[in-house]
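Biologist: I would like to learn how to read a few features of a model. Please start with the general idea each time and then show me the case.

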Amino acid sequence: MAEYNFREVEKKWQKVWADQHIYRADNQSGKPKFYALDMFPYPSGAGLHVGHPLGYIASDIVSRYKRLKGFNVLHPIGFDSFGLPAEQYAIQTGQHPAITTEQNIARYKEQLKNIGFSFDWEREVQTHTPVYYRWTQWIFMQLFNSWYNKETDKAEPVESLVALFEAQGNETVQAECDDDTPLFSAGEWNSWSPEEQLKVLLHYRLTFPSEAVVNWCTALGTVLANDEVKDGVSERGGHPVERKKMKQWMMRITAYADRLLKNLQDLDWSEPMKDMQTNWIGKSFGCELQFKVDKSDRVLTAFTTRPDTIYGVTFMVIAPEHEWIDELTTPGQEPVVKEYVNAAVNRSERERQMDVKSVTGVFTGSYAINPFNQEPIPIWVADYVLAGYGTGVVMAVPSSDDRDYRFAKHFELPVRLVIDGTQDMEDPTEKKHGIMINSGILDGMDSKKAVQKAIEHAEKEGFGKAKVNFKMRDAVFSRQRYWGEPVPAYFKDDLPYLIEEKELPLELPAIDQYRPTETGEPPLGRAKDWTYKGYPIELTTMPGWAASSWYFLRYMDPGNDQAFAQKEVVDYWGQVDLYLGGTEHATGHLLYSRFWNMFLFDRGWIGHEEPFKKLINQGMIQGRSNFVYRVVMQDSAGEDNKTVKTPEVFLSKGIVDRIEKSNLTRAEKEIIEKLVNERLGEFNAKNGTDWTIKSIDSAKISPMHVDVSLVNNDVLDTEAFKNWRPELNEAIIIPEADQTYLCGYEIEKMSKSKYNVVNPDDIIDRYGADTLRLYEMFLGPLEQFKPWNTNGIDGVFKFLRKLWHLFHSNEGEFIVTDDAPSPQELKILHKTIKKAQEDIENYSFNTSVSEFMICVNELSALKCHKRGILQDLVVIISPYAPHIAEELWHKLGNTDSITQTTFPEFNASFLVESEHEYPVSVNGKMRAKMSFPLDMPKDDIEKQVLASEAIQKWLDGKSPKKVIVVPKKIVNVVV
């Protein structure tokens, strides 16, 4: 049988596609456009594993399909190439991060090209290159020079704000600004110096330097975003993270909170993804109430969505970071408050929000006055209150709020019921609404109406006002590291100024080391003459999300050196039609990119408000870990002996299972013990030790991860295993009765530490890129998590060989004919066309692969080698398996690439049955099969059955008593 040489074919067509620029997209076309995009990768040193290409393969299938359907397709790729790993490596080795990054990119490109993706490589971007980050810096400058006008509900040039100040001051200006923005008249503004005016404008700019509580990681030498911190440690490396106040650049993303929320309803995104963003933005309606601190001039402001419960307030809680905490703490409480605050501030906000079980806090010793009833209430400090959400102050109503209730119960604080019907309830917080009781002016009112009444009363009396609040905070835009975009700003008298646009890009300077300075400054503090016009340039660099917040726009016009992209080009391509990436970016990249896109839209540089029309979050391909089972050798005292060389003894999975289930027969037990002790004798003789196994069924057995590359269908390559690590050279392997060593397995995250990482290069070398592409789709629905299991890949590999043999004889001769297709063959083909088209349109790729297999099996059974069937078949398979499809397409005599043809039209008439094959029985036993037109009358069917030779011989000259014809089912002749 002539085999399909996938290695030769795949390399051949990858070179042809590249040389002929097959996947080049035009920036203007009469065709409809389709923009397919994957979240671009960070080029890590480890390269790709088989989980990484999953989304890329799906988007590539759609891209190829859309080309066949007549679309002008933009399918680019690039690299998010600034990042901590390259910088950490630079700190350890002294090698410039650019060298590491470029080596990693070269590796990634090689791997991606080997899989046969239809990327337009001419549009590749690398975010660490000055030609790219020049425009990231330019966008930063535009944000600095913009403010958010609430009246027009969009960002505008800061010059228009200055004009308003000059004419009328700021009292009537509807702008997004800091809470502590001072009020001033036009006269005051016009009398101020330029420096004083610049200082005021910082309250309005969309990016600005500010003191902020941040997540500081000493080990990494940088500030981390909330989504980069898990359980008090850095997500990368697991280093301790502390909360501290530092001067940072901030992005006023909160100005866009309402639009970010409102626009979600029109996006074709999954509901869970929309929910994640909705909850992160966290819009709530309520009011701010002012509580005077007893025996002090201070006034605490608390935001609440339930002012109707004001009479149920029995204590207040402030955040550990609250700026007045020292002032509010009485001398007697100072030691416990300080101790608590020091511990609390080092927990991340996310950790504090997620930890709903722990109840901690301390009393400050001070009291506040309830403005509704003048009752003094104790002020506590607790870490469940966050300084950045609302005002950092909570009015606690334990009868209506779960967390307040647990806090009150724990510290034996009073619980005052304010909702009728809660009197006899064990947990009054279970009833959220009803008629108000014990509530002064609100008594007897429905709680929902009482909300408005309480707000009106607070506003009338001057101690409160209605307010809309957001949980989302302004975004930190500084990182204390080297490997990132320099911020194009310098400082003069502690005020920020922008460098001139003509000076862009502001490139990273050379430095001697990539770690912070000895005085704690960021690495750029090591640069010589890091100044602009004699003034110091910003020492922090931009965060990782800066470059990814607009890269999808640069792909449209990557060679433009006059703008980040020409507006006409951006207007042509518009939104990304299909965006694929993981859910882990829900509250990071996907929010920031929407924010930057909206800003660029507001300022008129692009014509679409939202960047991504449809988003699909692909599931994770999990690793299938393998285990060997190590006998923990113990000395006569039953202890692990570390002083002498210890033998490595491994039992096969079947043996271990039977030991655990006490299923070993006495004979089996004795055979295994004898075998182990014989091998141990050899080990002892060589190493001067005296190890034995007394009882195998009482031995301590420990599972150990083994590299999956040493395992095939859960059978261990024992020789390769012994060569895997030096300590295994003399390993004692106890196999099954058939001499194979069976491994255990478990589904886990793919990770180097679990030795379950599968390199796509190995799969491609063994089976080919088309097999990898088909198999990743075959594993299951795109959005679901699924385990990688090479045990099933052979079936896909055999399918491609079967496809090849529809075109070739066993001797390798091309055997395609020009014979006319039969109705049955056309039916098989068009059923597959219909399924493939519907599945791609619905992103259900796994079921198409099954349909292709069925189709090829059925055509093989019919010995179909007809051009009229096979030419369309290779076209519909080509999005999934482009290499073999392109080869077969050219063997059919076509000269243009298969990518330049059209997807076959589905013809429903070929699926309409024109006749039915009846099983014909004589006295209940099936004697023949006969086909008749579906519209043939029963009498005619009866006549043809009785006249047929196949039935005549069973009648033996007798006349039938009756003939039963059941239309479209059976014919039975009764003799």
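Modeller: Strands are DSSP runs of E, at least two residues long, numbered from the N terminus. In this predicted model, valine 966 sits in strand β34, which covers residues 962-966.

Biologist: What is the mean pLDDT of the protein chain?

Modeller: pLDDT is the predictor's confidence in each residue, from 0 to 100. The chain has a mean pLDDT of 92, and 97% of its residues reach 70 or more. Residues 636-640 have a pLDDT below 50, and beyond near neighbours in sequence this stretch has five contacts in the model.

Biologist: How many salt bridges does the count come to?

Modeller: A salt bridge needs a side-chain nitrogen of Lys or Arg within 4 Å of a carboxyl oxygen of Asp or Glu. By this rule the count is 47 salt bridges. One of them joins the side chains of lysine 15 and aspartate 19, at 2.6 Å from N to O. Both residues belong to helix α1 (residues 6-19) and are four residues apart, about one turn of the helix. Lysine 15 is exposed, at 54% relative accessible area, while aspartate 19 is partly exposed, at 47%.

Biologist: Which helix holds glutamate 271 and lysine 274?

Modeller: Both lie in helix α10 (residues 271-281), three residues apart, again about one turn of the helix. Glutamate 271 is partly exposed, with 48% relative accessibility; lysine 274 is buried, with a relative accessible area of 10%.

Biologist: Where do arginine 594 and glutamate 610 lie?

Modeller: The closest N and O atoms of arginine 594 and glutamate 610 are 2.8 Å apart, and the two form a salt bridge. Arginine 594 is in helix α19 (residues 589-602) and glutamate 610 is in the loop between α19 and β23 (615-616), so the pair ties together parts that are 16 residues apart in sequence. Arginine 594 is buried, with a relative accessible area of 0%, and glutamate 610 counts as buried at 6% relative accessibility.

Biologist: Which residues do salt bridges that share partners join into one network?

Modeller: Lys33, Asp577 and Lys613 are joined in this way.

Notes
Residues numbered from 1 in each chain as written. Predicted model: local features only at pLDDT ≥ 70, side-chain atom pairs only at ≥ 80, totals over all residues. Heavy atoms only, no water. Contact = heavy atoms within 4.5 Å. Buried < 20%, exposed > 50% of the residue type's maximum accessible area, 1.4 Å probe, protein only.
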